[in-house]
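Here's a chain worth a slow walk with the viewer open. Let's go through its charged pairs and then a few other spots.

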Amino acid sequence: MSSNKKITSAIFSSDKNITDKIVLNLNDISLISDTIIISNDPDRNNKNFIKLANYYSGNTIAKVIEKVSTPYLLIVSGDRMVVIDERVVKEIMKEAEKPNVGFVYSDYYEEQNSAKSLHPLIDYQTGSIRDDFDFGHCFLVNIDLIREQIKELLSIKNNLKYSGLYDLRLAVSRNSEIRRINEPLYFIESSSATSSSEKMFEYVDSKNRQVQIEMEEIATHHLKEINAFIAAENKKQVKFEDKFDIEASVVIPVNNRANTINDAIVSALNQKANFKFNVIVVDNHSDDGTTEKIEKLSNNDKKVIHLIPQKTDLGIGGCWNEAISHPECGKFSVQLDSDDLYSDENTLQKIIDKFYNEECAMVIGSYKLTDFELNEIPPGLIDHREWSGDNGHNNALRINGLGAPRAFYTPIIREIKFPNVSYGEDYAVGLAISRQYKVGRIFEPVYLCRRWEGNTDASLSIEKQNVNTFYKDSLRTNEIKIRQELNKQK
């Protein structure tokens, strides 16, 4: 093998024609020694072919690594036509050969409607441990950095059906840096991609449950390796105070939801409970008729408290802080988004009962996705059954959300407070509470989450999606650092 042939490429193939075209591209690149094809194609049978059992299984990843005799492994996804040339590989290698760099990926161009558009990615950080982190369609792994320790680094690689690549990536991140090149180095051709709204709920779809269980095992192993694992027995006990006149407050932050706010408030007022409750509506300076609808309901029912903050720079988190700080906020503060409804008149009672039955600081329910007319839409019930009492607070660092509706023991949420943002504010406090206290779960549907053109995230640009996902990763980064510090003190 020539000394300049530093790379073995591996194509995970789902289409023979696309794979063959990619192979032709790679054969012209001087730095590449061999190309391994991982596929179910029965016609392929040569020394560089690996029959695919499960996409990115532990056994498959192990076989790929065994075949690599070069310092670097270039992994290419064969589900789309990826156009790579000599210049691309040389630019990736410039970054890869810097000290302690173990993994390199880059932005890329994507064909959309016969035009080429930029697809930027985001930087990797300590908190980027979710299994759906987007590295694009082509990335380089420094195998030499981890080759000697590979058996110790990977958790249970030969038993993994789905998460071998996830396991490898986390192992690399523990021992070296993962670097993004902030430049579109390659090009992919268009295909019928999954929409962002569908992707949002893939990880809670019941058909993916076995995948999620395995991913949780890998993430938990990683947290233990980086000393960020929190044992369930280390949680603080919750002692409920009796100084509240109101037992529960339904909190509804709202801005310009004239079409839905009336339904939301009425849904809260219709709750039947054996305790006193109120509805705190934080009207974040609406100007579309929302304010007038809240005022009418507030005038007709003293249980509705209409708050208009003095500040004009509040996100949803800031609105929550206004509600929980209000003197009439109850012992428990319970979420209801201005688009949504409780599934029936017993939701509030079920949530408060859960607090007392399990002595927890936070309760999270389950919801059904519906359209505006309340017809169920896929994937239907979102119950987060992957949550377990022993490990849910650790697995929370891997997944993208914790569920709804969310409810809090008010003295604790007053102490923690929400970040003043309109995305991820609920996730931030969920991580903080679950680190310290028990979280109760209701796995039956108690909430209806309406998806419609006025609230859907499906139309977000890739740049806005990147801002949101980077922020959630930063929350995980901060949380991991806090948990590591706590473990150091033991």
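Is E91 buried, partly exposed or exposed? E91 comes out partly exposed, with a relative accessible area of 24%; here buried means under 20% relative accessible area, exposed over 50%, and partly exposed in between (1.4 Å probe, protein chains only). Before going on, keep in mind that this is a predicted model, where local features need pLDDT of at least 70, side-chain atom pairs count only at pLDDT 80 or more, and totals for chains, interfaces and linings use all residues. Residues are numbered from 1 along each chain as its sequence is written, and side-chain values use heavy atoms, with hydrogens and water left out.

Back to E91, which has a salt-bridge partner in K94, the closest N and O atoms being 3.2 Å apart. A salt bridge here is a side-chain nitrogen of Lys or Arg within 4 Å of a carboxyl oxygen of Asp or Glu. Both E91 and K94 sit in helix α3, 3 residues apart, about one turn of the helix. Helices (H or I, at least four residues) and strands (E, at least two) are DSSP runs, numbered from the N terminus. K94 counts as exposed, at 55% relative accessibility.

Helix α3 also reaches out to a strand. R87 and E183 meet through their side chains in a salt bridge (3.7 Å, N to O). R87 lies in helix α3 (residues 86-96) and E183 in strand β9 (residues 177-188), so this pair ties together parts that are 96 residues apart in sequence. R87 is partly exposed at 42% relative accessibility, and E183 is partly exposed at 31%.

Strand β9 has another pair to look at. R180 forms a salt bridge with D107, with the closest N and O atoms 2.9 Å apart. That links distant parts of the chain, R180 being in strand β9 and D107 in strand β6 (residues 101-112), 73 residues away. R180 counts as buried at 19% relative accessibility, and D107 is buried at 3%. Then there's a network: E95, K98, E177 and R179 are joined by salt bridges that share partners. The salt-bridge count comes to 31.

Strands β15 (residues 362-370) and β16 (residues 376-382) run antiparallel and are joined by 3 bridges; two strands pair if DSSP finds at least two bridges between them. T370 stands opposite E376 in β16. The hairpin has 5 residues between its strands, and L374 takes a positive phi near 75 degrees.
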